[in-house]
Amino acid sequence: MRHNFGAGPCILPQEVFKQASQAVLDFKDGLSILEISHRTPEFEAVVSETVSLVKELLNVPSGYSVLLLQGGASMQFAMVPMNLLPEGKSAAYLDTGVWANKAIKEVKNFGTANVVASSKDSNYSFIPKNFEVPADSAYFHYTSNNTIYGTELFDLPKVKIPVVCDMSSDIMSRPIDVSKYDLIYAGAQKNIGPAGLTIVIVKDEILGKTGRSIPSMLDYRLHIEGGSMYNTPPVFSIYTAMLNLRWLKSKGGVAEMERENIAKARALYTEIDRNSLFKGTCAVEDRSRMNVCFVMENPELEKPFLKYADENGFEGLKGHRSVGGFRASMYNALPITSVHALVELMQSFEEKHK
């Protein structure tokens, strides 16, 4: 058995794989999901159910639209200021890692990004606190979970302006109050489905106020009018996401996912703090439940541990080059048995190197 701790594209439930693979062979009357027209009533039903499941699982209030788009979160880095930032205005950004920084760089094409706080000087090992957001900012943008550095922001900063959040790597892992946000976006390939799909949840009333002409494919309003089918959507990615959201609902929804994710994170962080060979890389209060980053006290043991992990069936534990060491990504579909297996692996490695 392989234990998949990859950061993404990541683990999905086995039952979702089975259902999706069957649809590749026969979705309807011998036609594959890969060749079905997106304009058929059958696929329109898939889009409708996927949107409904997102709304149900996250308790999305009225006045918000759920969009199924392409381009990943990286496309949203530009779409957000293009659709929300009026000419000559500034937007407030919290810099907590590579992806937040990439979002900041896109703003200059449309206005000014005011970085209200950053932990870059500490290699993004913590989430900045007690920063002020200028009241005249068009919106405040932050990244809720930082996959590379293993930090997560659990409490929304108190601001009096529209809030935009990149939730690519922790959406659907815990309940959120969508009404406190004006726009949420997330690449699917962590907790929603395979790569190729991007979820956007946007408050309708904030759109159409920039005064600029927006290219059709980048205008949220046209995607809303087109029911996420302004152009050919990522059919297979949407279908598989629908299956995964069904699975998530059957498990008890995001509240149950949070309970399980807390248990998984607690088990692994407890071992990291106990084990004489390992240590965490970020501030304890900002530790992510999704991406656990850690290193060896003795760097010379890192390659032997990775080799030992691979020999024992562990996948995706090598840390990002920016941090080094190890990264155990524990998205919704990773069973706690895999976490317990990793803990046992770390303990046995410690025994070998005492």
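Select Asp166 and display the residues around it. Leaving aside neighbours within four places in sequence, Asp166 is in contact (heavy atoms within 4.5 Å) with Ala73, Phe77, His141, Tyr142, Thr143, Ser144 and Tyr185. The model is predicted, so local features need pLDDT of at least 70 and side-chain atom pairs count only at pLDDT 80 or more, while totals for chains, interfaces and linings use all residues. Residues are numbered from 1 along each chain as its sequence is written, and side-chain values use heavy atoms, with hydrogens and water left out.

Asp166 belongs to strand β8, residues 163-166. Strands here are DSSP runs of E with at least two residues, and helices are runs of H or I with at least four, both numbered from the N terminus.

Next, select Thr112, which lies in strand β4 (residues 112-118). Thr112 counts as partly exposed because its relative accessibility is 46%. Not counting residues up to four places away in sequence, Thr112 touches Leu85, Lys89, Ser90, Ala91 and Val107.

Proceed to the open sheet of three strands, ordered β11-β12-β14 with antiparallel pairing; two strands pair if DSSP finds at least two bridges between them. At the edges are β11 (278-280) and β14 (326-329), each pairing on one side only. From one strand to the next, the twist averages 35 degrees. Colour helix α7 (residues 253-274), which packs on the sheet and touches β11, β12 and β14; its direction makes about 15 degrees with that of β12. Axes are lines fitted to C-alpha atoms, for helices over the stretch in contact, and angles run from 0 to 180 degrees between N-to-C directions.

Three bridges pair β11 with β12 (residues 291-296), and Lys279 has Val295 as its bridge partner in β12. Four bridges join β12 to β14, where Phe294 is partnered by Phe326.

Finally, inspect both faces of β14: Phe326 and Ala328 on one side, and Arg327 and Ser329 on the other, are all buried.

Terms used. Buried means under 20% relative accessible area, exposed over 50%, partly exposed in between (1.4 Å probe, protein chains only).
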